[in-house]
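Reader: Hello! Could you show me how to read a structure like this one, feature by feature?

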Amino acid sequence: MLATISRAATRRPLTVILVWLLMLLIGFGLGTGVFSRLVDSVPDVPGTESDRAAAYLDRVDKSGESITAVVAGTSVSDPGLRSQVERAVADLRTVSGIADVPDPYTTHGLTSGDGKALVIPVTLKGDMKFKDEKKAVDTAAERIRQVDAPEVHVSGGLLLGQQMSGRAQEDVQRAELISLPVVLALLLVVFGGLRAAGLPLLIAISGVAGAFLALFAFSQFTDISVYAIQVTTMLGLGLAVDYALLMVVRFREERRHTDDVIEAVHRTVAGAGRTVLFSGLTVAVSLTGLLVFPSPFLRSMGLAVAAVVVVDMLAAVTLLPALLARFGARIAPARDPRADAGSKAGSRFGLKSGADPDNEGRLFARLARFAARRPLVILATLVPALLVLALPVAGMKISIGDAKQLPSNTEARQLYDTVDAHFPPGTGVSPVTVVVRPGAAPDTVARIRALSDTTDSRTLPGGATLVHLQPTGSVDGKAATDLVERVRQVRGNEPVEVTGVAARLVDFREMLAERAPWAAATVLLGIFALLFAFTGSVLIPLRTIATTLLSLGAALGAVVWVFQDGHLAGALGAEGLGSLSLTAPPLIIAIAFGLAMDYELFILARMRETWLRTGDAQEAVITGLRRSGRVVSCAALLLAIVFGAFMTGGFSPILQIGLGLTLAVLIDATVVRMLLVPATMALLGRRAWWAPGAMRRAHDRFGVSEEAPPQPQLTSV
């Protein structure tokens, strides 16, 4: 298949380039239509109790969402301020789409005990279209901000979602502006020329455009999370750099052995192209676990990342060969390290390829020999260290989060801090909403109201009763989620349903616990099958999965230690929140696992080539790492820069994802791939390439292989 692809790309390179250019135009034209279809309802899980109750309320309850304003910084009893607030309240009551605006001066609990702040809640009608609701919210917010006071902040409801999504997009855009120039500069250093350095960025742009188009198609059938776009651009750039780096480095090596550019392209696709193909499939399979969950957020993440992976992979094995066929003659072959004195350092650190196998990648060869000679020492040192780093994962908590996730200079966070400073705990926190259906026992409402000190209730059309229980603490903190659990215990068999933010979080956690084993099984079995097809070994896939889980656990443990427990969070412009955003752990796990497989395949491909050629297990380990180490190191460095740039913002979920992926890439590409992999491979020896007879015969018949000397047969271990 790859031979056919490479021949097609080299015979008609301009046609292939024009096809991708057309896709690029459509992707950034039609595909960007997905931006108007994005949703930010992260914790919603169709079919759960909270979802059913919310859908019922949408049908029967005429009251809608609400936003909140806080006025502070001066005495609220000031006559001038009171006059302004009362006029604003009167004006708001006339706005189309607004159902209720209580007077904070005559409504209990809306003015602070210290007399320096007041809250204006604005309730919207519940039967509006989205554009009408948005217009009402924008009109209300604009009118409230006209109040002349030292502090006037408006957020909550639809506004909070807009403010959090907007901040997330700002952070992603800032990260891209920072990372792209740095990545390009490093690519220039690695390749030594603008043409070769520009190819990874061109592949990245093509990948993102194709992913936008795929997401637009997906949005016709399912919800797409606003975070999908951010992850798509983040990963699209990183994977494109990985794949293009692997292909271009291999092309320059092949050009060192032949003056025929087309032949060099064919050899490149046959060697590195196979690795890219399996790597892309492996990363995509790593994301299929997200499709097991019924959550639209997780599914859209899986679809988004799988789309960009597949497009990047296709661009690397079609567009890149066409570009190399057309312009590859202008890309200099890899230099012999003996050609000049300056190339000696490049060979040592892996930035330049050499012709002499004794000099090429000497640093990585030394690492491989060191690990191969002391495998037990390496394992006894590194495995416990990684397990210690992973320990905080045992206490990991997830939450939907509130305005506290935002930087202190954002309006939503300022409202949160002002209310927290002037009002009792729980003020402004979304209540736990309980729907008591007709037919419930007469004392059901009373028993439920007894669970909270602050409650209210009203009768809905159709005879149901709506009960609001005000929790203490945050909107989805332990007090709120415990309150949800107590309601579900107290109701017994009565027709009672619980919804609200805290209830949605409880249902989301239960969904994760129920589906996580199935997701893990799907991913691990898929990865095992692909790695077996790639290597023909049973033990290598098992060893790969084990070492990858170690690096992933260490990275996630560090994220918990920083953002949940608060250690060193201030250095990143964040603070300990007591939990992680529920968006972070699934994305860190899925993406980091896929990227780890990416690097593993880069190394295994070179090891397998040597094993097939020589049958020497130790030589396969040393030569494999020597010839792949610089590609893995450069790819990891570039990807770490891309992910690290996401830590320059202030939105906690993006910071968490950025730190988790940066650490996962660095730990995996250094400690795991450069030390644990050669140590474990050396410990296994020839047995690393073993498979039972039936599986070996199946691999010989159905597995993917290339022209190579026969592989030594192992009859026993």
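Reader: Let me start with two helices: which residues in H13 meet which residues in H18?

Author: Contact here means heavy atoms within 4.5 Å. Helices (H or I, at least four residues) and strands (E, at least two) are DSSP runs, numbered from the N terminus. In this case, Val383, Leu386, Leu387, Leu389 and Ala390 of H13 meet Leu550, Gly553, Ala554, Gly557 and Ala558 of H18. Sorted by class, this contact holds eight nonpolar, two polar and no charged residues. Nonpolar covers Ala, Val, Leu, Ile, Met, Phe, Trp, Tyr, Cys and Pro; charged covers Asp, Glu, Lys and Arg; the others, Gly among them, are polar. Before we go on, please keep in mind that this is a predicted model, with local features needing pLDDT of at least 70 and side-chain atom pairs counting only at pLDDT 80 or more, while totals for chains, interfaces and linings use all residues. Residues are numbered from 1 along each chain as its sequence is written, and side-chain values use heavy atoms, with hydrogens and water left out.

Reader: At what angle do the axes of H13 and H18 cross?

Author: Axes are lines fitted to C-alpha atoms, for helices over the stretch in contact, and angles between N-to-C directions run from 0 to 180 degrees. Helix H13 (residues 375–390) and helix H18 (residues 539–564) cross at roughly 35 degrees, and their axes come within 7 Å. The crossing of H13 and H18 is left-handed. A crossing gets that name if the near helix is turned anticlockwise from the far one by less than a right angle, and is right-handed if clockwise.

Reader: And how do H9 and H17 pack?

Author: Helix H9 (residues 261–291) packs against helix H17 (residues 501–535) at an angle of about 165 degrees, and the axes are 7 Å apart. H9 is therefore roughly antiparallel to H17. For such labels, angles under 35 degrees are roughly parallel, over 145 roughly antiparallel, 65 to 115 roughly perpendicular, and the rest oblique. The crossing of H9 and H17 is right-handed. Among the residues making the contact are Arg274, Phe278 and Leu281 of H9 and Val523, Gly526 and Ile527 of H17. By class, the contact of H9 with H17 has nine nonpolar, seven polar and one charged residue.

Reader: Now the strands, please. What is the order of the four strands in the open sheet?

Author: Strands of a sheet pair through backbone hydrogen bonds, either parallel or antiparallel. Two strands count as paired if DSSP finds at least two bridges between them. Here the order is S3-S4-S2-S5, and the pairing is antiparallel. Strand S3 (98–100) and strand S5 (151–155) are the edges, each pairing on one side only. On average, neighbouring strands of this sheet are turned by 30 degrees against each other, direction ignored. Helix H14 (residues 411–422) packs on the sheet and touches S2, S4 and S5. Within the sheet, strand S2 (residues 63–72) and S4 pair over eight bridges, and isoleucine 67 stands opposite valine 122 in S4.

Reader: Is leucine 124 buried or exposed?

Author: Buried means under 20% relative accessible area, exposed over 50%, and partly exposed in between (1.4 Å probe, protein chains only). Leucine 124 has 1%, so it is buried. Leucine 124 sits in strand S4 (residues 117–125), and its contacts beyond four places away in sequence include Lys62, Gly97 and Val137.

Reader: What about leucine 568?

Author: Leucine 568 is exposed, with a relative accessible area of 61%. Leucine 568 is placed in the loop between H18 and strand S12 (580–581). Its phi is near 60 degrees, a positive value in a residue other than glycine.
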